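User: I am new to reading protein structures and would like to go through one slowly. Could we work by question and answer?

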Amino acid sequence: MRILLAEDDTLLGDGLRAGLRQQGFLVDWVRDGLAAEREIVKGDYQAAVLDLGLPLKDGLDVLQSLRHQKINMPVLVLTARDAVPDRIKGLDLGADDYVVKPVDLFELGARLRSLVRRAHGQTQEMLTCGELQLSPSARTVLLSGQAVALSMREFDLLHVLMLNAQRVMSREQLEQQLYSWGYEVESNAVEVHIHHLRKKLQPDLIQTLRGVGYMLMAPKTPS
């Protein structure tokens, strides 16, 4: 799950990035409001963690601008501004959640997973597709009740496909969700991961639409 972190405090930002990465998030980190808005507008993220006291452009101004542009990506505001009027203003401007510093990293991770679930119309923590189950928090996968061992990239790819089940995802869209800044993506990386998923799960689980992309289908119940 790829997210954008907008935080200008170097020590705090480094700690947040490290803590979220330990929970399986892919984290890109920017340190000012203009950079935050620019990256969010690109639409490559599942959610954003947005500090309010950012240089160049205040976080509330960034949030207001995004919502005026009809960008509906989930945004979690993380700030030291704990006055009730500040929280009300942030929520009214379009924040999906509002957390006052300091925050427990595991709570932050849980809140982000919840935001992403709701953005994809999911209400339960466990994602299901037929006999296939995936837990984003525990990072486990079950097929017909049996645990399936996946690599980090395989898990992340399956997670994205399950969030978008029955929807075609292009290779470029999948790459954007699998790799954060600083990683060189090989041209056939997605195809390799999908090949491995088919072998570990079911051959017809992920359908290829030639020239378009990939789509997760409900797996058949084993006979």
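This is a predicted model: local features need pLDDT of at least 70, side-chain atom pairs count only at pLDDT 80 or more; totals for chains, interfaces and linings use all residues.

User: In what order do the strands of the five-stranded open sheet lie, and which are its edge strands?

Analyst: The five strands of this open sheet pair in the parallel sense, and their order is β2-β1-β3-β4-β5. Neighbouring strands are turned by 20° against each other on average, if direction is ignored. A strand at the edge pairs on one side only, and this holds for β2 (26-30) and β5 (97-100).

User: Which residue in β4 is the bridge partner of Val-49?

Analyst: Strand β3 covers residues 47-50 and strand β4 covers residues 75-79, and the two run parallel, joined by three bridges. The partner of Val-49 must be looked for in β4, where it is Leu-76.

User: What is the order of the strands in the four-stranded open sheet, and which strands form its edges?

Analyst: Here the pairing is antiparallel, and the strands follow one another as β6-β7-β8-β9. The strands that pair on one side only are β6 (127-129) and β9 (146-147).

User: Which residue of β7 is the bridge partner of Cys-129?

Analyst: Strand β7, made of residues 132-135, runs antiparallel to β6, and three bridges join the two. Within β7, the bridge partner of Cys-129 is Leu-132.

User: Which residue in the hairpin of β10 and β11 takes a positive phi?

Analyst: Strand β10 (residues 206-209) and strand β11 (residues 213-216) are paired in the antiparallel sense over four bridges, and Ile-206 stands opposite Leu-216 in β11. Three residues sit between the two strands of this hairpin. The positive phi, near 80°, belongs to Gly-211.

User: What volume does the largest cavity have, and which element gives the largest share of its lining?

Analyst: A search of the whole structure finds one cavity of 30 Å³ or more, and the largest cavity has a volume of about 60 Å³. Its lining includes Met-1, Phe-25, Arg-113, Phe-155, Asp-156 and His-159, and by class the lining has four nonpolar, three polar and three charged residues. The largest share, three residues, comes from α6.

User: How many charged residues are there in the lining of the largest pocket?

Analyst: The largest pocket has a volume of about 260 Å³, and of the 14 residues that line this pocket, the closest to its centre are Tyr-45, Gln-46, His-120, Arg-167 and Gln-177. Helix α7 (residues 171-178) gives the largest share of the lining, three residues. Divided by class, the lining has six nonpolar and seven polar residues, and the number of charged residues is one.

User: Is His-195 buried, exposed or partly exposed?

Analyst: His-195 is found in helix α8, which covers residues 189-200. Its relative accessible area is 45%, and a residue counts as buried under 20% and as exposed over 50%.

User: How far apart in space are His-195 and Arg-67?

Analyst: Along the sequence, His-195 and Arg-67 are 128 residues apart. In space, taken from C-alpha to C-alpha, the distance between them is 39 Å.

Methods: Residues are numbered from 1 along each chain as its sequence is written. Side-chain values use heavy atoms; hydrogens and water are left out. Buried means under 20% relative accessible area, exposed over 50%, partly exposed in between (1.4 Å probe, protein chains only). Two strands pair if DSSP finds at least two bridges between them. On a 1 Å grid over the protein atoms alone, a cavity is a set of points where a 1.4 Å probe fits but cannot get out, and a pocket is an open set with protein on both sides within 12 Å along at least five of seven lines; lining residues have an atom within 4 Å of a point. Grid points are joined across faces, edges and corners, and a volume is the space filled by probe spheres set on the points. Ala, Val, Leu, Ile, Met, Phe, Trp, Tyr, Cys and Pro count as nonpolar, Asp, Glu, Lys and Arg as charged, and the others, Gly among them, as polar. Axes are lines fitted to C-alpha atoms, for helices over the stretch in contact, and angles run from 0 to 180 degrees between N-to-C directions.
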